[in-house]
Amino acid sequence: MTEKTPNPSNRQDPHLDHADDTDEPAFDWMRPAAAGTATAGTETAATGEPAASAGTAPVPRAGVPAPQAGSRADRKAAEAAVEPAAEPQGRGTHFREPLPTSALQVRPPQDEVERRNAERELANNTKPVLPRVMQVLLAVFYPLILLVLAVRAVTSPLFLWVEYNRPGFPGDGYGFSTDDRMTYGSYAVDYLSNWSGPRYLGELVNRSGDALFQEGEVSHMADVKLVILSAFAGGALLILLSIVAIVYLRRRSPGGVRRGLFAGAIVTLAIILGLGTLAALSWQQFFTEFHRIFFASGTWTFALDDTLIRLFPGQFWVDAGIVIGALVLVASVVTLILTWPTRKRRGLAGGAAATGEVNNADKSGDKSADTNDDKTAARNAEARDRRAGTAGVPA
């Protein structure tokens, strides 16, 4: 055949095996043949030449020099024989990471397991603190709210009209008729709940044109108004906080509202019974000590002919105290009845019914099992009888 390549025929191929080139890839045909891989009498598939016998050096191919001792290919082969090469993580390979549940297969020590179980049990048995705080606040706010609402009912023209027109109420010995009392008394009651200044009462005059209330009376009514408005504002704030507590308990603690109101009703009854006992034993001393708590000494004592005493005599305050105590007592008793912890309200009725259903199911299951056992025993007896009868019949 004719050489068509432009290269001259006597060109020497360059030596491709450089020991210093660490980036040169190691091809399989550049490595020495392992012992026992080729036997005598066999030929290579590519060239048809006889393969080297076991234990002999490989025959070099034309134009390719034999691998030198200590070349890079020999070193690679030796390293491969000593330890397997690590799998590269380049292109074409997949990174293998441990399964996410592989750590679950390792069981922790027994003391660690016991500690975790104890913490889990403690967390299950421990009740949240905030619902308990809300219940306590609701129980504390409830008697105060009832007291403020009762005071608001007394400081109204309706109670004033009922008091002036009830039989047995003492009249005015200085000339005020029931109509005069109702007119002048309504001004005093309205002043306690409006935003007017002391002039609202200071500029009032009677039929003769004289000032209706003296300066000391106007000053005392201003003090009373400050106490009443503060009580109303505090009651409104307590009502708002109680509504927040009720909404929270309805969502977070089933039965928490009932328990809070029940405790509040008990506290209210205790307070009302205590204060009622003190007032019944000595009303005058109770009334005096009450005024000393809220008003300065000497600012709340008046003469019998002063307008405040003629409009609001001692019997008026006795009746007002009785009405306040009665309203609070009735409200607390009704609340106590409505929130009494019966089995149904505590949720035990459903549990008892479920227990009864389980017991009935167990009983029916026991009866079914007994019936099945009886049927099985009867079938076994019939089978034994048939076998005995068959054995007694001659062939």
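**View A. An aromatic cluster brings together Phe-159, Trp-283, Phe-286, Phe-287, Phe-312, Phe-316 and Trp-317.** Rings of Phe, Tyr and Trp (its six-membered ring) pair when their centres lie within 6.5 Å; planes under 30 degrees apart are stacked, over 60 edge-to-face, and the rest tilted. This is a predicted model, in which local features need pLDDT of at least 70 and side-chain atom pairs count only at pLDDT 80 or more, while totals for chains, interfaces and linings use all residues. Residues are numbered from 1 along each chain as its sequence is written, and side-chain values use heavy atoms, leaving out hydrogens and water.

View B. Tyr-187 and Tyr-200 make a tilted pair, 6.2 Å centre to centre with 55 degrees between the planes. Tyr-187 belongs to helix H5 (residues 178-193) and Tyr-200 to helix H6 (residues 199-202), so this pair ties together parts 13 residues apart in sequence. Helices are DSSP runs (H or I, at least four residues), numbered from the N terminus. Both tyrosines are partly exposed, Tyr-187 at a relative accessible area of 35% and Tyr-200 at 27%. The pair of Phe-316 and Trp-317 is edge-to-face, with 5.3 Å between centres and 85 degrees between planes. Phe-316 is buried at 5%, whereas Trp-317 is partly exposed at 37%. For these labels, buried is under 20% relative accessible area, exposed over 50%, and partly exposed in between (1.4 Å probe, protein chains only).

**View C. Two charged side chains sit over aromatic rings, Lys-225 over Tyr-191 and Arg-310 over Phe-176.** Lys-225 is 4.3 Å from the ring centre of Tyr-191, and the charged end of Arg-310 is 3.7 Å from that of Phe-176. The rule asks for NZ of Lys or CZ of Arg within 6 Å of the ring centre and within 35 degrees of the ring normal.

**View D. Helix H9 has buried residues along one face.** Those residues are Phe-287, Thr-288 and His-291. Cover for the buried residues includes H7 and H11, where contact means heavy atoms within 4.5 Å.

Technical notes: Helix = DSSP H or I, 4+ residues; strand = E, 2+ residues; numbered from the N terminus. Arc of directions from axis to C-beta.
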